[in-house]
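Dear colleague,

Please find the structure below, together with its sequence. My notes on helix packing and on the ligand surroundings follow.

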Amino acid sequence: MTHGPDDLGVAVIGTGKMGADHVRRIEETVSGARVTAVVDVDRGRAEAVASRIDGCAVHTDPAAAMASPDVDAVIVASPGPAHEGALMAAFAHDLPVLCEKPLTPDPAAALRVVEAECSLGRRRIQVGFMRRYDAEYARLKALPDTGRLGRPLLLHNRHRNVASPPGWTSAMLIEDSVSHEMDVTRWLLGHEITAVTVHTPTPSGDAPDGVRDPQFVVFETDGGAVVDVEIFVNCGFGYQVQAEVVCERGTARVGDGHALVTQTAGHWGGTIAQDYLERFADAYDREVQAWVDATRRGEVTGPSAWDGYAVAAVSAAGVRALTEGGRVPVELAERPALYGT
Ligand SMILES: NC(=O)C1=CN([C@@H]2O[C@H](COP(=O)(O)OP(=O)(O)OC[C@H]3O[C@@H](n4cnc5c(N)ncnc54)[C@H](O)[C@@H]3O)[C@@H](O)[C@H]2O)C=CC1
Ligand SMILES: O=C1[C@@H](O)[C@H](O)[C@@H](O)[C@H](O)[C@H]1O
């Protein structure tokens with residue numbers, strides 16, 4: 001991608017799996033932006049990423065990068081617990097941010113971010129719930145508008161990963177993985193999630209010691225829908241994300257992965273993506289392009305800090321349901337006017 005003088009200068013904070021992929025995306029795929037700084041507490045990792053980009057500065061402190069005149073906007077791709085500090089620094093430098101999910105891991109920190117953004121009086125944050133930019137999910141979102149299927153009653157989700165990273169815990173299945181279905185539920189149905197129940201079968205023999213994998217998570221919504229999520233992060237065979245909405249007069253499903261079907265010598269079948277960077281490549285591209293375009297227009301669009309807070313609140317209820325059992329109501333603060341109704 002060639003760069004122009006009006007390109008948005010982006011600092012990418014965290015140059016691990018997601019951050020490095022966003023750097024590559026901005027440099028190779030997205031128009032109207034270039035990476036002017038990378039930040040990582042692991043300086044060597046940031047240097048390796050920066051070495052492929054002309055004029056890209058390297059920092060270990062997010063605030064130092066944000067103070068540079070070459071930085072107009074920020075992508076936060078450090079681990080969740082580091083997000084609050086980076087977001088507050090971005091507010092202090094009045095910079096727009098694309099923040100990877102989760103906004104913050106816990107609702108108290110997320111609410112502090114929401115309150116800080118409200119005190120600025122305008123939105124600065126887009127949260128990286130990229131499924132909203134996936135072509136299949138976008139079709140699902142458009143369906144109820146046709147009125148053909150009627151009111152959504154149930155939403156079934158399956159979310160499978162090949163293997164969990166080292167150090168994964170039972171709670172992380174809810175906080176890191178099911179958080180996507182929390183956002184999808186709120187966005188697709190336009191309902192708030194009011195209560196969470198988690199069922200745990202005997203763990204798979206392939207789950208790390210002590211990790212409850214898979215889990216079956218149930219949401220109730222204020223619009224009267226019931227939503228279930230199978231989360232299985234050591235399924236071994238592929239990365240699968242599926243959703244089926246059951247409405248009054250029909251159903252609609254995405255994620256069957258029928259893009260290519262082969263038939264040969266007594267066999268029929270296709271391939272299964274192996275991770276999110278493959279399955280959601282187009283969605284990440286559209287997400288980052290939409291963020292760059294909106295930022296250059298002086299706007300903030302997409303999932304908001306409020307959406308990030310709401311998901312953190314549902315995650316907290318989910319983790320309580322997992323550890324204490326039973327049905328746990330979601331405690332949600334009053335929605336500030338900044339985020340509409
Ligand atoms: N939207 C999606 O589908 C996905 C989103 N994510 C999210 O992206 C974020 C990053 O995840 P990964 O890239 O998988 O993690 P990672 O562990 O591969 O990379 C994180 C990087 O951040 C650096 N880091 C740690 N603390 C830092 C700090 N205070 N300031 C700057 N850098 C710091 C680490 O040294 C590391 O290089 C997380 O919020 C995660 O939930 C991750 C996977 C998929
Ligand atoms: O966000 C993500 C990861 O953090 C999480 O660990 C995976 O389960 C999800 O599929 C992926 O989209």
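**Helix packing and ligand shells**

In helix H5, Pro107, Ala110, Leu111, Val113, Val114 and Glu117 meet Ala305, Trp306, Gly308, Tyr309, Ala312, Ala313 and Ala316 of H10; contact here requires C-beta atoms, placed from the backbone, within 7 Å, and helices are DSSP runs of H or I with at least four residues, numbered from the N terminus. By class, this contact of H5 with H10 has 11 nonpolar, 1 polar and 1 charged residues (nonpolar: Ala, Val, Leu, Ile, Met, Phe, Trp, Tyr, Cys and Pro; charged: Asp, Glu, Lys and Arg; polar: the others, Gly among them).

The model is predicted, and local features need pLDDT of at least 70, side-chain atom pairs count only at pLDDT 80 or more, while totals for chains, interfaces and linings use all residues. Residues are numbered from 1 along each chain as its sequence is written, chains are lettered from A, and ligands are numbered from 1 in the order in which they are written. The protein averages a pLDDT of 96, and 99% of the residues score at least 70 (pLDDT is the predictor's confidence in each residue, from 0 to 100). The scores for the model are ipTM 0.99 and pTM 0.97.

H5 (residues 107–120) packs against H10 at an angle of about 165°, the axes being 8 Å apart; axes are lines fitted to C-alpha atoms over the stretch in contact, and angles run from 0 to 180 degrees between N-to-C directions. The two helices, H5 and H10, are therefore roughly antiparallel (angles over 145 degrees; under 35 is roughly parallel, 65 to 115 roughly perpendicular and the rest oblique).

H10 (residues 305–324) also packs against H7, with axes that come within 9 Å and cross at roughly 135°. H7 and H10 are therefore oblique to each other. Among the H7 residues in this contact are Ile174, Val178 and Met182, and the H10 side includes Val311, Val314 and Leu322. The residues of this contact of H7 with H10 divide into 9 nonpolar, 4 polar and 4 charged.

H7 (residues 170–189) also supplies the largest share of the shell around ligand 2, 3 residues. Asn161, Asp176, Ser177, His180, Val233 and Tyr276 surround ligand 2 (each with its C-beta atom, placed from the backbone, within 6 Å of the ligand). That shell around ligand 2 comprises 2 nonpolar, 3 polar and 1 charged residues.

Ligand 1 is surrounded by 24 residues, the closest being Gly14, Gly16, Met18, Ala82 and Glu100. For ligand 1, the largest share of the shell, 3 residues, comes from helix H1 (residues 17–28).

Yours sincerely

How values were computed. Contact = placed C-beta atoms within 7 Å.
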